[in-house]
Amino acid sequence: MNLRKSIAAIILAVACAVCLCLPFAACKTDKPDHSFNEDDFLVADGGLIKNAKGEQVMFHGVNAGGLFVTEHWMTGFKYGSSASNDFKSLTETLLSRFGAEQTLNLWDEYRANWWTDADFKNCADMGFNVIRLPFTYMNVDFGAISDYENAGIDYDFTALDDFINTAERYGMYTILDLHGAYGSQNGQDHSGQIFNSVSEVDFYSNEKMMGLTAKLWGELADHYKDNPAVAGYDILNEPGEKGGTTTTRHWDFYDMAYKAIRATGDNHVVIFESCWDAQNLPRPEKYGWENCMYSFHHYAGDKLTEEGFNSNWKAKLQSITSQNFGVPLFMGEFTCYSNAHNWEYVLGLLNDTGWHWTSWTYKVWGRMPWGIVNIIADNTDKVNVSEDSYEDILQKFKKLGTENANAEYYTFYTVNGEEEREEYKTLADIFKEYCTALPTEEN
């Protein structure tokens, strides 16, 4: 691991040295040196998030989707949504072809291109103060990918440490978001393991997988409990089986993980996700949860009229807020598709109603508003893990960098007449308008 880390550091240093010459240059000429201290440690105080000085902090940020777990539609791999083509299967194919050391190196190189200092600076320049970092057990417990008998023995948090530390240097917190539990909590591609049917998702009755996942959270908490750059722990991403709703069996696991975290003496904010509405989370006092936040995801659909879209969002937030859970509310994932006015309305609504938020997501393959940054390349540039040579895969990864000429900000256009198109704003421009300098004094 030390050798790979050293190589990655050299590559990053070279990239930053030349980035000023690149068309999408986003590296700083001066080295970022922000550092959080004990005053910046965050806790939930009733419905607010506050730092140790008692100042209110609002999360305005983005997800680092695709960095640690590749979803079939948004990253540069030739694979689909079938059960044989998820992150776990991709890794197993690489292992069978190249062995453990080269597979680890390939994933290091993938991440080193998908997210660099340029991307941290872009996020900071847009005004974000937090990044939600999706990861799976496979990213920190590599031996468990091929054999669960090796699970929970040898954790490696180096890659998470590096991300958190760099985000901190740019003045941003990190939310650790477990997107994929041992055995998969939902059987979907974003967990890293696809199941064909809901009946195959047995996580909530599988004591071994739940135990390994709770143990992982205990280890993460023990590792990060004194780190003020970590904003909180998002226990489990979209835990409903194959997109189903959350209920008691999900909440009982939440409580298991919560207790594993608190047993270490960790006092970070613990985030519990609903699939999908207010009734799909319990009142925190039911389990005795303290210092916690409730998270929701909302994808209203791109077929609604502008009026219908905005009404949908307003109703969603009102229905949740009216429950008076007594905890901070967090829109952990959302998009507003290709209508710029919808983005402006929703971001304004979230800010005005006191919701914390992180959009989905920062970068995607293809020209679409799901990502602030779009990688525009041909399908022939996508990696075929079954056929491409080791060297070809490394070369294709180089096309993923934000500094490259094939990277661009997603741009909205207005239509004047039937043919003329006029640029309106980039998605990055809109975020700059709706992020504020934080923390702010409590009203």
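Strand β12 (residues 373-375) pairs with β13 in the antiparallel sense over 3 bridges. Strands are DSSP runs of E with at least two residues, and helices are runs of H or I with at least four; both are numbered from the N terminus. Two strands count as paired if DSSP finds at least two bridges between them. The model is predicted: local features need pLDDT of at least 70, side-chain atom pairs count only at pLDDT 80 or more, and totals for chains, interfaces and linings use all residues. Residues are numbered from 1 along each chain as its sequence is written, and side-chain values use heavy atoms, with hydrogens and water left out.

Strand β4 (residues 130-136) runs parallel to β5 and is joined to it by 7 bridges. Here Arg-132 has Ile-175 of β5 as its bridge partner. β5 and β6 also run parallel, joined by 4 bridges. Ile-175 stands opposite Gly-232 in β6. β5, α6 and β6 make a right-handed β-α-β unit: with the strands pointing away from the viewer, the path from the first strand over the helix to the second runs clockwise. β5 is mostly covered, with 8 of its 8 residues buried. Buried means under 20% relative accessible area, exposed over 50%, and partly exposed in between (1.4 Å probe, protein chains only).

Most residues other than glycine have a negative phi, and most peptide bonds are trans. Ser-184, not a glycine, has a positive phi of about 75°. Lys-242 lies in the loop between β6 (230-234) and α7 (248-262) and is partly exposed at 32% relative accessibility.

Two cis peptide bonds complete the description. One runs from Cys-275 to Trp-276, with omega near 5°. Trp-276 lies in the loop between β7 (269-273) and β8 (292-298). Another joins Trp-360 and Thr-361, with omega about 5°. Thr-361 is placed in the loop between β10 (356-359) and β11.
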